[in-house]
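Take a look at the sequence and the model below. This report covers a hairpin, a nonpolar core and a helix.

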Amino acid sequence: MSNELSSLTDNLAIKKIVEPQLNIILTTDEDDERPVYISGNFNNWVTQDKKFEMDRVGQGLYHYKFARDFNYPDELLYKFTRGDWSEVEIDKFGNRTENRSCKQHNGVRKEHVAKWRHNWLPFKSKFLPEVHLISEEFEIPQLNKTRRIWALLPHDYKTSTEHYPVLYLQDAQNLFNEKAKYGNWEIDKKLAVMAEYNIGKIIVIAVEHAEKERIKEYNVGNTVLGNGQGKKYIRFLTDTLKPFVDDNFRTKPEREFTGIGGSSMGGLVSIFSGIMYPEVFGKLMIFSPSLWVVPKIKLSFLDMDEPQDMRIYLYAGGDESATMIDHVKQFKKRLLKKEGYEDKMKIRLSINMEGKHNEVYWSDEFPKAIEWLYFSDKNE
């Protein structure tokens, strides 16, 4: 690798006389087939900007030459990523690295990356959210049941005076429980990394599912699964749980700061929550929804006198079922056709063709969805 680097550097040094652009040479100890991008203050820190994708010129060796007409800021600030903040560079000890800085406008600059973050991990324990058990038996009067409910509060909640946006998530048993039968989303660890990177802080309200009655409780109306209790469950979330949370925690209660989400049947009931109560939920995080249960889902509930902005993050895996991706794409298409919402509905569709119907893939998608839903002004 040293010979390749030396040869490339020599060639670039010769070219500099003719083409005096800035060239960046990157070496890395951990290499694979994923592309490497440069993101920085020159492209709004976009992590997968094709204009700033580096050329792979050898094992662990990358090159990028800035365009002849590139408009250099006074100080170039940047980081290297594998295409996402979940795959950003870290040091050899697993710690975050500070922004790189450069004031050159030409010549050759050599950089090195020791390791890459994977799926937002590792994390630092001091940034872990405070996991607060709201109640072992929170009353659900609409269903005449009780339920265990958790609040994940920002790590510095007790020492700050901030108010935070809120996300209501289904299936709490699978969100941060290390003993979960099928694994868990590791949302506590993902929130810790997001806090470390100053991406943003939220309160997550995690509602445990109803065990053997989970599907019945998440099933809305009369579907191929029979009559469900979903409408009553959704009324519990909006009429009972949300007022309690807003009264007892420092939340931003307005709809633009309030989201709901889940996966599979939990994703389906979250869709209905947003459709039935758009005045409550302005953000939906929908992973691998069971749209096959009600393929012709009615959108008439969205008929508001004055449609308001709504953000929806849709995720589907290509290795989940034969129809998952088609169902999600069709659902997005129907949403965007909804009269009055053409300029209000912001939808991001994320598809992983290798994604399976399990917690590992939902875990990977969670921080990406949170960042886009709550902490990004991009409208894509």
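Helices (H or I, at least four residues) and strands (E, at least two) are DSSP runs, numbered from the N terminus. The model is predicted, so local features need pLDDT of at least 70 and side-chain atom pairs count only at pLDDT 80 or more, while totals for chains, interfaces and linings use all residues. Residues are numbered from 1 along each chain as its sequence is written, and side-chain values use heavy atoms, leaving out hydrogens and water.

**The hairpin.** Two strands pair if DSSP finds at least two bridges between them. E10 and E11 pair in the antiparallel sense over 8 bridges. They form a hairpin with 4 residues between them. Ser-135 stands opposite Ile-149 in E11.

| Residue | Place | Phi |

**The core.** A nonpolar core is a set of buried Ala, Val, Leu, Ile, Met, Phe, Trp, Tyr and Cys residues joined through side-chain atoms within 4.5 Å. Buried means under 20% relative accessible area (1.4 Å probe, protein chains only). The largest core has 52 residues; Ile-205, Leu-241 and Ile-312 touch the most other members. Helix H5 (residues 265–276) gives the most to this core, with 7 residues.

**The enclosed helix.** Which residues of H2 are buried? They run from Ile-187 to Glu-196 and include Asp-188, Lys-189 and Lys-190. With 10 of its 10 residues buried, H2 is largely enclosed by the rest of the structure. Its buried residues pack against E11, E12, E13 and H7, where contact means heavy atoms within 4.5 Å.

How values were computed
Buried < 20%, exposed > 50% of the residue type's maximum accessible area, 1.4 Å probe, protein only.
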